[in-house]
Each structure stands twice: as C-alpha cells, then as structure tokens.
Amino acid sequence: MTGSDKTAHIVRFGRHGVWGGFNQFSPDTAREIERLGYGALWLGGSPAHLRPARKMLEATENLTVATGIVNIWNTDPAAIAAEYLELDRDFPGRFYLGIGAGHPEATAEYTSPFRAVERYLDVLDDGGVPVNRRVLAALGPRMLALSAERALGAHPYLTVPAHTAQARETVGDGVLLAPEHKVVLGTDPVAARAVGRPPVDQPYLHLRNYTSNLKRLGYTDADIADGGSDALIDALVAHGDAATVRAQIDEHLAAGADHVAIQLLGSSDVVADLAAIIGAG
C-alpha cells in the first residue's frame, strides 16, 4: 500500500485523540469527546472482544474509535476479524483495529512477539480486515517496520517525543504514527507526580519491553528504579496548566507524529479537563 492510499485514513484520526480503558468512558462522555473536536477515541486494556467499541460507535456520529490494543494472546484472530467486519458494516469507515503482543510477564504462552503478530495478521488478512484499517502497538524497530508494511501504522505507548522522532525515521512518511501520552492537569509538580507515578510504575516500569525501550532512549536503571525518577515521570506524564500540558504533548507532533492519544489521569471532570487541553492550542 502506498502512502497516498493511507493518507485519508491518517487524516481521519485528527491531531488529538483520547485514550482510556475500554470500560472507562460512558456513551455520554464519548459524545462529549466528539463534540469537543477530538478525532479519535482509543480503547485500551486488552478487551477480549470488540463490544466496547460498538457502544462508543453507537453513541457518536463521526468519531473514530480504535482499540489500543486487542491483545493477540487472549483473542482469536478469526473471531476478531468477524467482529471487525460487523462493525464496519454497521459503522462504515469509523473503526480501526489496534492489535499488539502485550508483554511477556502477563502471558504464560508468550513466545516470539514478532512472529506471533505476523501470524495474527495473516489470519486478519484471510478474514478480510484491510491493511489500512489496523494499527500495531510498536516500540522497537522491527515492530515499527512491520506496522508500516502490514498496517496503517503504529500506536506506541509510554513514550517520549525522542522516541517519536526515531519511530518516524523507521516507518517513513505516509504511515500513521499515533503515540499515547499521559497527562495530569495541575501546577504543583509534587502533587502531579503523586498522581502520575503509580500508573507508570505499576506495571510498566517492571515490564521489560517498556524498560528496554526507555533504556534505548537513554534512561538509566536509576531512572527506572523505585517508581521512576522525577525526570522520567515528568517526561512520561505531562503536567501543568492546560497550555503547558498541550505544549508538551504537541512535542510529539513536532517530532513527526500524526496524532497524539491523550490519557488523562486523576481527573475529577474528564470533559472539562479535555476541553481545557484542546482549547489551549
């Protein structure tokens, strides 16, 4: 598939999206996210089926909905392909299937993630899921290259703009690059780190695919130990007022991302906080 073939799909995501667990958002919240102007809603947490996506699609009119991600180890690719086709029949062009290999510590059957993702993609091919309607969780060079070859692009998780720049070099132009970035709205850095550190530390700073990626970016064992250094947490969890947070997440766009999926942490009013962030641009 050429870059021009993928362009319309990439544009559909918009510049900013919202990331949350697949049971985190109500249909009413999804409607508000669409009304605010966000282009996509990412459903994380490795759902075993695509029914949560259907609820969000039913609640909205044009919002792109994507999984971030369906875990290849706890789903049957033929069944997922069939569910995808049903969603695309009922909501044409609005659903994108994000898949990934998760992490070895959580999966007893975990073998070679690269080969396993390739096999899963083979079944999706046979099941009629178009290349330009799927996205791969990718951090390292091999998986990033695979995302450019056999998907619309990549959805890196727990990364910084320096990784985005490297990822863009790997995937080339005309390939979706949609990193996730965590956010805490609040101008007290100590309080913001108290919110942001726990969901970074557990589980991600104890999972080797994420820690290996951070080390490739220059972070040390000392940065990763004991819940993460302040410098690491500040890089992975944007904090400050809405304008400061918006500037930090938009560093991904400057580094080559097409789209940033914002994961809001510790919010007592998700819609108001998301409105402040998107309104700060």
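## Helix α8 and selected local features

The buried residues of helix α8 are Ala192, Arg193, Gly196, Val200 and Asp201. The model described here is predicted. Among the elements that cover these buried residues are β9 (180-185), α11 (230-236) and β10 (237-240).

Helix α8 comprises 13 residues, 189-201, and at 1.5 Å a residue it should span 18 Å; the end C-alpha atoms lie 17 Å apart, which agrees. The helix has a kink of about 25 degrees at Val195, shortly before the proline Pro198. At the start of α8, a side-chain oxygen of Asp188 comes to within 3.0 Å of the backbone nitrogen of Val190.

The loop between α8 and α9 contains Pro203, which is joined to Gln202 by a cis peptide bond with omega of about 15 degrees. Another cis peptide bond links Gly68 and Ile69, with omega of about 25 degrees. Ile69 belongs to the loop between β3 (64-67) and β4 (70-71). Most residues other than glycine have a negative phi, and most peptide bonds are trans.

Two non-glycine residues with positive phi are tabulated below.

Thr211 lies in helix α9 (residues 208-216). Thr211 has a relative accessible area of 11% and is therefore buried, the cut-off being under 20%. Not counting residues up to four places away in sequence, Thr211 touches Tyr204, Leu205, His206 and Ile224.

His9 is placed in helix α1 (residues 3-12) and is also buried, with a relative accessible area of 17%. With neighbours within four places in sequence left aside, His9 is in contact with Tyr96, Asn132, Arg133 and Leu152. Between His9 and Ala276 the separation is 267 residues in sequence and 27 Å in space, C-alpha to C-alpha.

Helix α3 (residues 51-59) packs against helix α4 (residues 77-90) at an angle of about 5 degrees, and their axes are 11 Å apart. Angles under 35 degrees count as roughly parallel, so α3 and α4 are roughly parallel to each other. The residues that meet are Arg51, Ala53, Arg54 and Leu57 from α3 and Glu83, Glu86, Leu87 and Asp90 from α4.

Key
Residues numbered from 1 in each chain as written. Predicted model: local features only at pLDDT ≥ 70, side-chain atom pairs only at ≥ 80, totals over all residues. Heavy atoms only, no water. Helix = DSSP H or I, 4+ residues; strand = E, 2+ residues; numbered from the N terminus. Expected span 1.5 Å × (residues − 1). Bend = angle between axes of the 7 residues up to and from the residue. Buried < 20%, exposed > 50% of the residue type's maximum accessible area, 1.4 Å probe, protein only. Contact = heavy atoms within 4.5 Å. Polar contact = N/O pair within 3.5 Å; in protein donor to acceptor, adjacent residues only side chain to side chain. Axes fitted to C-alpha atoms, helices over the stretch in contact; angles between N-to-C directions. Parallel < 35°, antiparallel > 145°, perpendicular 65-115°, else oblique.
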